[in-house]
Amino acid sequence: MAAVDAQFYWMSAKIPNDEFLLYAFGGEPADPDGAVAHVLRRARGCPELRLVVQDGSRLSYPRWVPAPIEPGRATRHDLSDDSWPGCLDAVVRLADDQLDIREKPWQLHLFTPVQDIPGVRGAGTVAVLQVAHALADGARASAMAAWLFGRGEPVPAVRPRAGFLPWRGVIAARAHRRFVRDTENGLLAPGLGSRPLLPTNTEPAGPRVMRTLVRRRGQLRGPTVTVAALSAISTALSDLLGPSATALAAEVPMAKPGAPLGFNHFGNVVVGLYPELGYEARVQRIAADLANGRRRLEHPATPASDAAFATVPAALLRWGVNQFDADVRPEQVSGNTVVSSVHRGAADLSFGGVPVVLTAGYPGLSPVMGLTHGVHGIGDTVAISVHAASSALPDVENYLRLLDAAL
């Protein structure tokens, strides 16, 4: 297991970090058992999905080892409320049962019939792929789900690479000094820095809610879907929070360039939301922050740092994770919400012969992040999702109305 993935694995004991990828299909399969069997056959045909963790010595990294995929890897659930919101209420409860990746690093949950799915007449089917973060980041998990539901592109193989720590450390230090010089000389824009905590940074407590709004791509104003969503979130949050929201910012996960060293290959870019600006000026500033964050990730300092981190001894990294105290509250944070945006490709997926109509995702909450957003597209359909704890967002429905109007 690569160091970056082991860090997610060990940290999951302190902050649960399973991912939940939702796919809605426009009907019910004529042969539900056959549909499940087909998905499991697809899984058995993918080496990247036939893995579990073998965790032996505390002095070495855990190992990914092949393991059979049993029929129980796909579970069908009965809904007491078969409406679309009722299904999402069942999905949010799945997070109460985090995966043990020594037994299985992913699980498929199936809900049918589900009424009133956006874009579906009559009953539909919802499938949720639960994936341990150690196995995949958002882009890789999306590739796994796409394979399960019929896309022909295999999940890319990634094999961890190590090296000699002192030498990698020297290279990383040199690259960092160059990064600092390039920033001081104006070749790179500086990062946005930290900002005060807002109610959205309240520690999650009480009921949690997942909700999703759906749009066609052409309905979203902005140069990209991500920028359009960030601008709308800025309006909705500033309307909700009032004057305290002037310094709003979001953490936006972004894929790193180059060959991955592990199953997780992304960095968080901090993007200002600029609620005080008019629409045109705001989207320009948001787009500029995203572009500057991408350029910082593309700097040679990023792969050099990743290569050095990949050589950290397992015992040292495990000790470091153990020192993390999730109960300590910081005075400032990088962002006031998370906005994870992933385009999941063409609408070419199906379950039991029933075509996909939308896909959504709900980034996990953390001790200083009580509200997160997902922006997920498939084909021409974009789902803008909200995941919130009542301690951070007591009236989710009101916030949804604000976000709906802003979109």
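Reader: What makes strand S6 count as mostly covered?
Author: Eight of the nine residues of S6 are buried; buried means under 20% relative accessible area (exposed is over 50%, partly exposed in between; 1.4 Å probe, protein chains only). S6 covers residues 123–131, where strands (E, at least two residues) and helices (H or I, at least four) are DSSP runs numbered from the N terminus. The model is predicted: local features need pLDDT of at least 70 and side-chain atom pairs pLDDT 80 or more, while totals for chains, interfaces and linings use all residues. Residues are numbered from 1 along each chain as its sequence is written, and side-chain values use heavy atoms, leaving out hydrogens and water.

Reader: How do you know that S1 and S6 pair?
Author: Pairing requires at least two DSSP bridges between the strands. S1 (residues 19–25) is joined to S6 by seven bridges and runs antiparallel to it, therefore the two strands pair. S5 and S6 are also antiparallel, with eight bridges. Leu129 of S6 stands opposite Leu21, and Leu129 is also the bridge partner of Leu108.

Reader: Why is Asp116 called exposed?
Author: Asp116 has a relative accessible area of 58%, which lies over the cut-off for exposed, so the name applies. Asp116 is in the loop between S5 and S6. Its phi is near 65°, a positive value in a residue other than glycine. In S5 (residues 106–115) lies Pro113, and the peptide bond from Thr112 to Pro113 is cis, with omega near 0°.

Reader: Is Tyr274 buried or exposed, and what makes it so?
Author: Its relative accessibility is 12%, which is under the limit for buried, so Tyr274 is buried. Tyr274 lies in the loop between strand S10 (266–272) and helix H7 (279–298), and its phi is positive, about 50°, although it is not a glycine.

Reader: Which residues of helix H1 are buried, and how are they arranged?
Author: In H1 (residues 3–11) the buried residues are Ala3, Asp5, Ala6, Tyr9 and Trp10. Seen down the axis of H1, they fall within an arc of 155°, so they line one face of the helix. The arc is taken over the directions from the helix axis to the C-beta atoms. They pack against strand S2 (51–54), helix H8 (301–309) and helix H9 (314–323), contact meaning heavy atoms within 4.5 Å.

Reader: Why are Phe8 and Phe266 called a tilted aromatic pair?
Author: Rings of Phe, Tyr and Trp (its six-membered ring) pair if their centres lie within 6.5 Å; planes under 30 degrees apart are stacked, over 60 edge-to-face, and the rest tilted. By this rule there are seven aromatic pairs. Phe8 and Phe266 are 6.1 Å apart, centre to centre, with 35° between the planes, so the pair is tilted. Phe8 lies in H1 and Phe266 in S10, so the pair ties together parts 258 residues apart in sequence. Another tilted pair is Tyr23 and Phe149, at 5.5 Å and 50°. Tyr23 and Phe149 are both buried, and together with Phe25 and Phe351 they form one aromatic cluster.

Reader: How do you know that the charged end of Arg221 sits over the ring of Tyr279?
Author: The rule asks for NZ of Lys or CZ of Arg within 6 Å of the ring centre and within 35 degrees of the ring normal. Arg221 is 3.8 Å from the centre of the Tyr279 ring. Likewise, Arg73 lies over the face of Trp106, at 4.7 Å from the ring centre.
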